[in-house]
Amino acid sequence: MNATVTNTTGSGHLSIAPDPNTQLQYDRGTAVVPHPPHSANPNWTKGATVSNLARTGTGPDGIVDFCNRSWEPVDLVVDLFGIYDRR
C-alpha cells in the first residue's frame, strides 16, 4: 500500500501494523487496544505532504491499524495495490 499524510500541522510519523483483534471481538466489545509499533512509515514535518510505500501484514480478519504518532491531526490517504493470499 502507499500511505500519504497531508495537511500536517506538526511533525510526526505514521505506524502501520496488523490489528490483533477479529471483527467478532470488535462487535462484542471484547477487542483489546493494540500497541502500535515504534516503526515509522512515513515521517513528516509541519506543512509537508509525504508518501511512502508500506508492506504490512493483516490481522486475523484482514484488519490493518494506522497510528498517527504525532500530537497533531493529519489527513491520511491510503492506496491499496494488492493483498497476498494466505492459502
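Two strands pair if DSSP finds at least two bridges between them. Helices (H or I, at least four residues) and strands (E, at least two) are themselves DSSP runs, numbered from the N terminus. With those terms in hand, turn to the chain.

This is a predicted model: local features need pLDDT of at least 70, side-chain atom pairs count only at pLDDT 80 or more, and totals for chains, interfaces and linings use all residues. Residues are numbered from 1 along each chain as its sequence is written, and side-chain values use heavy atoms, with hydrogens and water left out.

Start with the overall plan. The chain has 1 helix and 6 strands. From the N terminus on, the order is β-β-α-β-β-β-β. The C-alpha trace spans about 40 × 30 × 20 Å along its principal axes.

Now the sheet. Strands of a sheet pair through backbone hydrogen bonds, either parallel or antiparallel. Here, an open sheet of 3 strands runs in the order 4-1-6, and the pairing is antiparallel. Its edge strands are strand 4 (50–53) and strand 6 (75–79), each pairing on one side only. From one strand to the next, the twist averages 15°; axes are lines fitted to C-alpha atoms, for helices over the stretch in contact, and angles run from 0 to 180 degrees between N-to-C directions. Strand 1 (residues 2–6) joins strand 4 in the antiparallel sense over 4 bridges. Val-5 stands opposite Val-50 in strand 4.

Next comes the helix. Helix 1 covers residues 23–28 and includes Gln-25. Gln-25 is partly exposed, at a relative accessible area of 26%, because buried means under 20%, exposed over 50%, and partly exposed in between (1.4 Å probe, protein chains only). Leaving aside neighbours within four places in sequence, Gln-25 is in contact (heavy atoms within 4.5 Å) with Pro-20, Thr-30 and Ala-31.

Step back to the whole chain. Buried residues make up 30% of its 87 residues. Take the contacts between residues at least 6 apart in sequence: 83% of them join residues at least 24 apart.
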